[in-house]
Amino acid sequence: MFPSIDRAKPGLQKLVAALRETYPYASVLAVADDARTWRVSRTGANISASGTGGGTGFVVRVLDGAGCAEYSFNEFSEERIPGICAVIAKRLTEQNQALEGIAPLPAPIPADEPAALKKTTAWKLNPRELGDEAVVGKITAIREKALAVDERVLDAQAAVSYRAYRKLFLSERRDLDQTVMWTNAMVSVMASRGQEIKMSYRPFSVLGGAELLDEMDAGVERVARDALELLDSRPIPPGEYDCVCDPATTGMIVHEAFGHGVEMDMFVKDRALARSYINEYVASPLVTMHDGSAVDESATMFFDDEGTLTGDTVIIDQGVLKRGMCDALSAARLGVAPTGNGRRESYERKAYTRMTNTYFQGGRSTPEEMIASIENGFLLETPSSGMEDPKNWGIQCMVTTAREIRNGKLTGRLYSPIVLTGYVPDLLKSVSMMSENVRLSGSGHCGKGYKEWVKVSDGGPYMKARIRLG
């Protein structure tokens, strides 16, 4: 895929060599991108080529030991190399002049250890090859299937988004090439009874292609029945309860309760409390937290946008905070190794420390054992949103459904919507059971302060914890 990358590569290698004549470090990231979204609703079908991809282009980075300069562009030829070098030189000069009299953050030269890689993720069916008409036809049938479940179903929407991209990273000693495809989907159903209206939503995701449509079709009736069930829900009595979190809710807690707080560019800026708790207990010994590409989901990649190879980063090991995740520049400033979390929203954007596939490791219990252990509590399902405060370790999240548990059994009573709040270490230290099986969802994007959106996935096992609900 994306032969334009192959055509550009010899010239890009010459560009890196030209920059290295002046600077101790130079790199270029080339991105070729294809994205599409198909959506059907009451108003009809919509097809869009924007909103899920980062675009096609290039970004050059140089470091001179004192500063770092970047330049992005979307057209390249060997004839442009002198002009690109001139722009980089001008930007470094302007940067140094602007910082005159100010002590800048250090910008150490990356190690640039030798590495070569060329990898592609697997897929069964390319959505673009399937074609617009076929995709719209399939999700239209899925929507109609939801509408047919019950006369109280007021409306339904179905959507599929896909992105395929190829990234080439070149430096003096690195030649890295990856092609990745992910596909996401969602079904939302609105049900009504008199003036009462409730909505249920379910995301679907795969590191792959249009084969996800079969899973979507198999799950649509459940989404409709969840919406109908919510018509009987009631407000929850506020309080602190023993709770069983489904894997999606566990994933939201992983991402919001602790993920952002261990993004180490926040350590550099002294905006994360976690920096003071390295090698200390911050969670129950049952809690082990990972980030990286040890699992396959939508955020999987083989190297990040700074040319750091990805792997498995263990952040919490049996309750002890071992390290955070970081981009290359933040890692150099902190004196630690980068973890492959330097990510750009697009080639036009700065690289920040960002999560990838973030999850809690499984345990040895079963969901049935967790429910049986609770005298008065809830099974939490279907998270909808969340946010955290890395500086103070606060958390606030929304969950769609809480199923009541009394004397070790589900009563059938539902509560909705639910606000989940608390102090992160209190919540994580209260974890008392984890199920064996782990499930991740990669349907979401994550922003850095309401901007800089990148693809992420999160999840974990069923988890029992003490949680404040309202």
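View 1. In E12, Leu321 is the bridge partner of Ile316. Strand E11 (residues 312-317) pairs with E12 over two bridges in the antiparallel sense; two strands pair if DSSP finds at least two bridges between them. Strands (E, at least two residues) and helices (H or I, at least four) are DSSP runs, numbered from the N terminus. The model is predicted: local features need pLDDT of at least 70, side-chain atom pairs count only at pLDDT 80 or more, and totals for chains, interfaces and linings use all residues. Residues are numbered from 1 along each chain as its sequence is written, and side-chain values use heavy atoms, with hydrogens and water left out.

**View 2. The open sheet of six strands.** The order is E12-E11-E10-E15-E22-E21, with mixed pairing. Strand E12 (320-321) and strand E21 (439-446) stand at the edges with a single partner strand each, so one side of each has no neighbour in the sheet. Strands of a sheet pair through backbone hydrogen bonds, either parallel or antiparallel.

**View 3. Helix H6 across the sheet.** Helix H6 (residues 247-259) lies across E10, E11, E12, E15, E21 and E22. H6 runs at about 120 degrees to E22. Contact means heavy atoms within 4.5 Å; axes are lines fitted to C-alpha atoms, for helices over the stretch in contact, and angles run from 0 to 180 degrees between N-to-C directions.

**View 4. The hairpin of E17 and E18.** E17 pairs with strand E18 (residues 409-415) in the antiparallel sense over four bridges. Arg403 stands opposite Leu414 in E18. Two residues lie between the strands of this hairpin, and Asn407 takes a positive phi near 50 degrees.

**View 5. The lining of the largest cavity.** Arg403 and Leu414 are among the lining residues, which also include Ser200, Asp226 and Thr382. A cavity is a set of points on a 1 Å grid over the protein atoms alone where a 1.4 Å probe fits but cannot get out, and lining residues have an atom within 4 Å of a point. Helix H5 supplies the largest share of the lining, four residues. By class, the lining has three nonpolar, four polar and five charged residues.

**View 6. A salt bridge between Glu78 and Lys14.** The two side chains meet at 3.0 Å, N to O; a salt bridge is a side-chain nitrogen of Lys or Arg within 4 Å of a carboxyl oxygen of Asp or Glu. The pair links distant parts of the chain, 64 residues apart: Lys14 is in helix H1, and Glu78 is in the loop between strand E4 and helix H2.

How values were computed. 1 Å grid on protein atoms, 1.4 Å probe; cavity = no way out; pocket = protein on both sides within 12 Å on 5 of 7 lines; lining within 4 Å. Nonpolar A, V, L, I, M, F, W, Y, C, P; charged D, E, K, R; others polar.
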